[in-house]
Amino acid sequence: MNLDPALLDRVRARLSLDAGAPTPGRVAAALRDEGGGLRGDLEVLAVLRALQSEIVGAGPLEPFLADPRVTDVLVNSPEEVWVDRGEGLERAAVRFPDEAAVRRLAVRLAAPTGRRLDDAQPWVDARLPHGVRLHAVLPPVAPGGTCLSLRVPRRKVFDLEELIAVGTVPAEGAALLQRLVGSRQPFLVSGGTGTGKTTLLSALLSLVDVRDRILLIEDSAELAPAHPHVLRLEARPANAEGAGEISLRALVRESLRMRPDRVVVGEVRGGEVVDLLAALNTGHEGGCGTLHANSARDVPARLEALAAVAGLSREALHSQLASGLRVAVHLSRTASLRRVAEICVLQRGADGYVQAVPAWSWDGTSSKGVHEDGFPALAALVA
């Protein structure tokens with residue numbers, strides 16, 4: 001049934017004057033007051049469904065969030081909604097009535113997180129109560145209209161056998177990764193957005209000795225290792241008044257006083273890299289995390305850039321890096337496949353700076369990977 005947008009707005013405004021849910025009785029009364037005369041049951045139910053979709057859950061996007069295959073839901077405009085079911089983005093059939101409806105949804109989703117989203121603060125990055133990562137941008141920052149991005153956490157924790165089955169890593173590579181975890185060598189999982197860094201790291205942490213105490217430090221809780229002794233610390237953004245922020249860097253420092261066996265930073269993206277490297281250089285073996293990078297060879301340069309923001313010189317960073325991190329595992333993604341593309345060992349070069357030396361690579365099609373120049377060093381590390 002086609003609903004008059006102006007009538008729907010008037011009913012919405014009238015219902016907002018009183019507390020309580022939009023029950024069929026209240027909707028019918030508001031329709032009579034605003035639309036004139038009696039309305040049929042079908043029209044009352046249509047308006048009721050339209051209003052409830054704005055008040056409960058994610059409105060018209062809720063079916064996508066309930067789909068276990070969906071990893072991302074993106075709204076570019078009222079007429080343009082995209083979803084990723086693990087095989088690349090595809091256009092969805094759902095539509096919003098207008099730009100105002102998209103904005104209302106974004107503002108409502110942000111409200112329970114304690115984050116402000118309005119003309120004065122036209123963007124928000126937060127985690128919803130059920131674990132979905134929300135990012136929204138309002139005009140004029142987004143000239144084309146409100147943009148909404150929802151990242152859906154994995155409901156299932158994959159183990160290495162399952163990652164082999166879906167083509168993320170061959171059996172040979174999985175054996176190398178298993179030995180990497182068992183050797184307690186510190187490592188980073190690198191890759192771009194959506195390449196499966198969190199999925200792989202969760203699978204690897206599930207292999208950690210059950211006697212170890214794992215401390216997870218994250219901006220938003222996404223890692224979900226199948227392990228009996230996991231403790232979580234989660235950063236907190238500043239509130240609407242700009243107070244109350246708890247940074248990843250502060251949490252890394254606090255974690256060292258909590259008797260960790262493995263310190264894990266879900267995503268190394270700022271000054272916390274300094275404290276993480278300090279921890280890995282003071283007896284905390286087996287630490288790990290994820291990092292956005294174009295390739296494993298770019299990991300030292302990415303760490304340089306992050307450390308510079310925290311005030312650590314290039315020389316000091318490489319000194320810490322040379323003894324604090326050993327291996328970089330890089331993931332890549334095509335339209336239909338996320339795979340472990342390469343494993344590099346981090347070694348100090350003749351110039352004193354750490355380099356990522358390729359040790360093992362995989363094209364995603366062959367049954368085995370290629371042993372590169374750094375493979376003997378990798379084999380010695382994970383022996």
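The model is predicted, with local features requiring pLDDT of at least 70 and side-chain atom pairs counted only at pLDDT 80 or more, whereas totals for chains, interfaces and linings use all residues. Residues are numbered from 1 along each chain as its sequence is written, and side-chain values use heavy atoms, with hydrogens and water left out.

The protein chain contains 13 helices and 15 strands, taken as DSSP runs numbered from the N terminus (helices: H or I, at least four residues; strands: E, at least two). Of its 383 residues, 47% count as buried, a class defined by a relative accessible area under 20% (1.4 Å probe, protein chains only). Contacts, defined as heavy atoms within 4.5 Å, were also examined by sequence separation: among those with a separation of 6 or more, 52% are between residues 24 or more positions apart.

A pocket is an open set of points, on a 1 Å grid over the protein atoms alone, with protein on both sides within 12 Å along at least five of seven lines; a cavity is a set of points where a 1.4 Å probe fits but cannot get out, and lining residues have an atom within 4 Å of a point. Grid points are joined across faces, edges and corners, and a volume is the space filled by probe spheres set on the points. The pocket lining comprises 46 residues, of which Arg 151, Gly 194, Thr 195, Gly 196 and Thr 198 lie nearest the centre. Elements giving two or more residues to this lining include strand E1 (72–77), strand E6 (147–151) and helix H8 (197–205), and H8 provides the largest share, 5 residues.

The search of the whole structure finds 1 cavity of 30 Å³ or more. The residues lining the largest cavity are Leu 176, Leu 177, Leu 180, Ile 343, Leu 378 and Val 382. Helix H7 (residues 171–182) gives the most to this lining, with 3 residues.

Beyond its neighbours within four places in sequence, the residues in contact with Ser 190 include Lys 197, Leu 291, Val 329 and Leu 331.

Terms used: Buried means under 20% relative accessible area, exposed over 50%, partly exposed in between (1.4 Å probe, protein chains only).
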